[in-house]
Amino acid sequence: MKQTPEMERIQRQMRPGVISYDGFLGSDKRLLCEIMDADEAAVRRMGLSHSAIAARMRELREAGARGLGQTTSVPPHFEVTVDAVRGKLPCPFLHEGLYEKIYTIVKNNTSGESVTYTDMNIHMIEAHGFYEGEGAPFRQDPATLARVLEIED
Ligand SMILES: [Zn+2]
């Protein structure tokens with residue numbers, strides 16, 4: 001992938017304080033295209049796709065949302081909590097639409113590991129193949145998602 005002028009503009013939107021306080025890049029010094037290429041390669045190495053990962057994230061989010069803020073057991077061995085903070089965010093990829101600040105915590109009771117991801121994460125993975133930069137508060141490592149959420153190819 002090449003860093004186009006449009007991607008430059010998107011990367012500027014991702015800096016701290018433009019769309020969100022922390023931004024989407026963390027301490028990552030790479031170009032946006034390099035971040036996305038690396039995660040794309042990691043996803044392919046596992047035999048997965050962004051849409052398969054996003055679908056699993058959404059499936060667990062929907063199952064957990066039935067708990068209305070309470071932690072919910074989701075078979076076979078997950079505990080899922082879905083909650084929200086006030087406000088809405090636009091996607092940094094420069095298109096219309098606002099996303100509620102809903103976040104999902106999934107604990108895998110077999111391994112004891114957990115992940116926390118937002119509705120924006122699900123959208124950005126599904127629509128843009130973007131998992132955020134290293135060190136960003138909501139960075140999603142594709143391999144960690146696959147392991148904790150037990151996503152199979
Ligand atoms: Zn978007």
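Predicted model: local features only at pLDDT ≥ 70, side-chain atom pairs only at ≥ 80, totals over all residues.

Student: Which residues of α2 are called buried, and what makes a residue buried?

Tutor: A residue is buried if 20 or more other C-beta atoms lie within 10 Å of its own. In α2, L32, I35, D39 and V43 are buried, so each of them meets that cut-off.

Student: Why are the buried residues of α2 said to line one face of the helix?

Tutor: Seen down the axis of α2, the buried residues fall within an arc of 70°, so they line one face. An α-helix has 3.6 residues a turn, so residues three or four places apart point the same way.

Student: What covers that buried side, and what does the face turned away from it carry?

Tutor: The cover of the buried residues includes α1 (5-13), α3 and α5 (142-148). The face turned away carries A41, R44 and R45, which are exposed. After α2 comes G47, with a positive phi near 75°.

Student: How do you know that β1 and β2 pair, and in which direction do they run?

Tutor: Two strands pair if there are at least two bridges between them. β1 and β2 (residues 78-90) are joined by 3 bridges, so they pair, and they run antiparallel. In this pairing S73 stands opposite E79 of β2.

Student: How many bridges join β2 to β3, and how many join β3 to β4?

Tutor: There are 11 bridges between β2 and β3, and 5 between β3 and β4. Y103 of β3 stands opposite D83, and Y103 also stands opposite T118 in β4. Between β3 and β4, which form a hairpin, lie 5 residues, and G112 in the turn has a positive phi of about 80°.

Student: What makes β1 and β4 the edge strands?

Tutor: The 4 strands form an open sheet in the order β1-β2-β3-β4, and β1 (72-74) and β4 (114-118) each pair on one side only. The twist from one strand to the next averages 30°.

Student: Which helix lies across these strands?

Tutor: Helix α3 (residues 50-65) lies across β1, β2, β3 (98-108) and β4, at about 100° to β2.

How values were computed: Residues numbered from 1 in each chain as written. Helix = DSSP H or I, 4+ residues; strand = E, 2+ residues; numbered from the N terminus. Axes fitted to C-alpha atoms, helices over the stretch in contact; angles between N-to-C directions. Contact = placed C-beta atoms within 7 Å. Buried ≥ 20, exposed ≤ 12 C-beta atoms within 10 Å, placed from the backbone. Arc of directions from axis to C-beta.
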